[in-house]
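Here is a short briefing for someone meeting this structure for the first time. It looks at a sheet and then at a pair of helices.

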Amino acid sequence: MGEYILAIDQGTTSSRAIIFDKKGSIVSVGQKEHEQIFPRPGWVEHDATEIWHNVQEVIGLALSRADLTRHHIEAIGITNQRETAVVWDKNTGEPVYNAIVWQDTRTQDIVDRLAADGGTDRFKDIVGLPLATYFAGTKIAWILENVEGARERAERGDLIFGTTDTWVLWNLTGGPEDGVHVTDVTNASRTLFMDLETLEWRDDILETFGVPRSMMPEIRSSSEVYGHAEDSSLLRETPIAGILGDQQAATFGQAAFAAGESKNTYGTGNFLIFQTGEEKILSKNGLLTTIGYKLGDEPVQYALEGSIAVTGSLIQWLRDQLGIIRSAPEVEELAKDVDDNGGVYFVPAFSGLYAPYWRPDARGAIVGMTRYVNKGHIARAALEAVAFQTRDVLDAVNADAGVELSELRVDGGMVANDTLMQFQADLLRVPVVRPVVAETTALGAAYAAGLAVGFWKDRDELSANWQEDRRWEPKMDEAEADRTLRLWRKAVTKSMDWVDEDVR
């Protein structure tokens, strides 16, 4: 038996391979960023072929850095940026267009067209999601409607679709030769096409979107053997045994398995997942009903999710577009140069507002500016925007689930930022807790794969691996926290109603 599990984490900005041992500790990491392509305002694309090449490269890096071979690896888990859509020719393996990324807003016209009959909640009772540009379904429809010859090729059965988990799995298991065309329930629940009760594609919804059923991957559980790495791979014959969309994977990696447990990931965007167990709760407060996980033949576990489009990518924007910092960690140093936000509130509605507002007409706004304000105040306002958006989502969770949060488990790149985590605890009025292993997304995929092959016995063994690293307790005066929250919500209203017929 191999001594390790390898997780492939195909994220929004980079692809990583991380090798974990039995205790859930990191043995080695390979990572490579891929190009962010912005052809027009609101359009965000990735080169799927570049991503696949990077995945192969980072597998090699992770193995070589630990001086390991495929014989040391018991199984492979995959986690991925969800909703990002790839359409490719199953005979050649060539994508027909760049991958359209989850943040992309070009499909608003398709959303409006579909919502004309029944509103944005037209399919919500079935799929748990509102009609929005965020989800994969509208992206597939756009490719079929706008890429020359794509619809004819799709209807002939030559084109297939996948989120990036499916794209990596298909290539890893042989591609055009005998690649496995599969996704798991968590990724399938982000397309707008899967019935949350039956866990099957809905033919009537596919037909409404104009997407042939033949394009869709088979839906399987999050923890089972889907296939084996092909002979030309460094991992040849190793079983691929776990798939979880990145946010569900992070929740799994946090050992938040039971109803009432939750986590918040601070990444490119922020994603709060609150497990509801075998009960499917349809949100009345702007949250998504989604699949938490499904282990083999066990009953499916549901969750509520609050998705925030722009958090970590706001810090990237300060670095790359404004140039007021040279590296992401500098934002905290800059924010510490000032005592407070100087009255500035930054609403980063670059892709509209996601949960709990769902306002595609919103755009980014910085409000409260005076001559007193300097770049330190703007840096602080950018950090605080992350925490404010999380508070909005947690208020919605409390309203839907009727359960008061006792603490918030956090992970992702931004949890290294002490100023942000303290402000988050101040706003939430509960402790914020960071685990020892902050790479919970990859760890969750490793756990799902390891459970499928018996590397770990059960969820209790995984829970025993979880260890607390740092805890932030609320310190700010409650009246001050309430005042800043009131001003934030006032600022949010200023970002709305910006996009109309002639503004995109």
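Two strands are said to pair if DSSP finds at least two bridges between them, and strands (E, at least two residues) and helices (H or I, at least four) are DSSP runs numbered from the N terminus. This is a predicted model, in which local features need pLDDT of at least 70, side-chain atom pairs count only at pLDDT 80 or more, and totals for chains, interfaces and linings use all residues. Residues are numbered from 1 along each chain as its sequence is written, and side-chain values use heavy atoms, with hydrogens and water left out.

**The sheet**
- Six strands with mixed pairing form an open sheet in the order S3-S2-S1-S5-S12-S11.
- Strand S3 (26-33) and strand S11 (223-228) are at the edges with a single partner strand each, so one side of each has no neighbour in the sheet.
- S11 and strand S12 (residues 239-245) run antiparallel and are joined by three bridges, and His 228 stands opposite Pro 239 in S12.

**Helix H10**
- After H10 comes Gly 323, which has a positive phi, near 70°.

**H10 against H12**
- Leu 314, Ile 315 and Leu 318 in H10 are in contact (heavy atoms within 4.5 Å) with Ile 378, Ala 379, Ala 382, Leu 383 and Ala 385 in H12.
- The residues of this contact comprise eight nonpolar, no polar and no charged, where Ala, Val, Leu, Ile, Met, Phe, Trp, Tyr, Cys and Pro count as nonpolar, Asp, Glu, Lys and Arg as charged, and the others, Gly among them, as polar.
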